[in-house]
Amino acid sequence: MTDTKTPITIAYGDGIGPEIMEATLAILEDAGAQIQPEVIEIGEKVYTRGIKNGIEESSWESLMRTKCFLKAPITTPQGGGFKSLNVTIRKAMAMFANVRPCVSYAPFVRAPQTTMNMVIIRENEEDLYAGIEHQQTDNVVQCLKLISQTGSERIIRYAFEYARANNRKKVTCISKDNIMKMTDGLFHKTFRRIAEEYPNIENSHMIVDIGAAKIAARPDMFDVVVTENLYGDILSDIAAEVAGSVGLCGSANIGKHGAMFEAIHGSAPDITGQGIANPSGLLHGALMMLQHIGQNTVAETIHNAWLKTLEDGIHTGDIYSDEHSTARVNTKDFTKAVIERLGARPEKLTAVDYAASGAKPAAIPDVSFPVRGDKKLVGIDVFVHGDDNMTPDALAGRLTSLQLAQLKLSSIDSRGLLVWPEATALQEHSDHWRCRFVSANEDDSVTHDNLIDLLMQVRKAGFDFIKTENLYSFNGEKAFTVAQGQ
Ligand code: NAD
């Protein structure tokens, strides 16, 4: 144990946040955690004071100084309103990895699956979570999915480093590269490349739909899972619920400039103020925090007392069952039960022994930026907001009559489905057309001036172009996908 107290930033959050934070801090204090909490306010109360990102400037100062944040859940408006503060903090502090251990506690906690012991390592900074969204036509909105080579490599390397540091045997990558061949394709390709550097760790890959089904039905197939941001969010809730309750799992957000520890669940407005929330998720976040700041002994004492509490059947409502529980307790009594057991070890569940397990913090990998490739501009996709009566043939007729020097119309699709020169299916009404122009001479590149000339002509012809996307080849390979049916 360290002699001096480690300053940590703490936020009580929204909904059940204050109830579970009080419980967690009470257990940490009784166990002798050497921490010096600095409380900041985030979330709903800050949003309603008109602070758009949900956090005061002075709170950033604490976060940037302590670099260690224990955070209760906060409420994020759905479908509109302010952006998620969770995402802002993860990104601002470059916390690229979200580590979510999911364990079942059979036969003491009722669970659909009793053999779960997996760690989901979720990429934290990119993917659809970048939240770059636009309305383009009356009918269509879009969300951009951005995946980088460096982001993929960093999280995948971290997953292998985590497996190595924690004596785990296998890393499974989960993606959807049969459909998203470029974004998820890059993630999977990077996984295959990095896996070769860790020959002592088994590796496998699953498509996300069957991966999710297998996590729910055969969790024993998994050890460490590495995946993109959105899939990781969904898969870890499935894993946690299948292991007993979302109320049981904690998570660590790890980065070069700081770390944040939290429960995986949200602010649970449906049970707020009733004093019945399970504080275990946040407590597990706090245990990861104690290990992060080198207070393994205290973390181990709390973890074993908590296991003993579960084993004794003292359960909050979310994990209570007549068959497995001896007492249905509220948050305060659960907290008291854990505190009373500090120093005790579970007799049937496996006690944790951090020293004997040899587990250590995983190294944060350095990744290098890809070298610049031979990039050639070969065309452009022009997205057009069509009027009510526009047909693909009529649109093609007007676009092919443009006087273009270097470019020719090669295809039109509507939301990825080819409609011209052939239609792949009966075309329903659309107001969103992607018109692909490529170099008139197969192997020639085009210039930005060619594209500007094209756009001027498209505008003069009376079209509302809503977005353009340049088409490139990289190192001689076409670096864009074709439409469905092309
Ligand atoms: P939720 O996780 O808050 O609740 C889902 C269900 O699980 C509810 O029935 C709830 O009662 C139950 N539950 C959750 N935690 C529990 C606990 N500790 N003990 C007992 N039962 C528990 O998910 P939601 O209802 O979809 O989201 C509510 C709000 O939380 C939303 O505003 C959402 O954006 C936010 N949220 C925040 C975070 C975070 O701060 N990291 C994470 C997820 C969701």
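Two strands are said to pair if DSSP finds at least two bridges between them. In this predicted model, strand 4, which covers residues 97-103, is joined by seven bridges to strand 5, residues 117-123, and these two strands run antiparallel. Within this pairing, Arg100 stands opposite Ile120 of strand 5. Strand 4 also pairs with strand 11, residues 250-254, again in the antiparallel sense, over three bridges, and here Asn98 has Asn253 of strand 11 as its bridge partner. Five of the seven residues of strand 4 are buried, and strand 4 is therefore largely enclosed by the rest of the structure. In a regular strand, the side chains alternate between the two faces of the sheet.

The side chain of Asp184 takes part in a polar contact of 2.8 Å with the side chain of Lys145, and a polar contact of 2.7 Å joins the side chain of Asp184 to that of Tyr231.

Note on methods: Residues numbered from 1 in each chain as written. Predicted model: local features only at pLDDT ≥ 70, side-chain atom pairs only at ≥ 80, totals over all residues. Heavy atoms only, no water. Polar contact = N/O pair within 3.5 Å; in protein donor to acceptor, adjacent residues only side chain to side chain. Buried < 20%, exposed > 50% of the residue type's maximum accessible area, 1.4 Å probe, protein only. Helix = DSSP H or I, 4+ residues; strand = E, 2+ residues; numbered from the N terminus.
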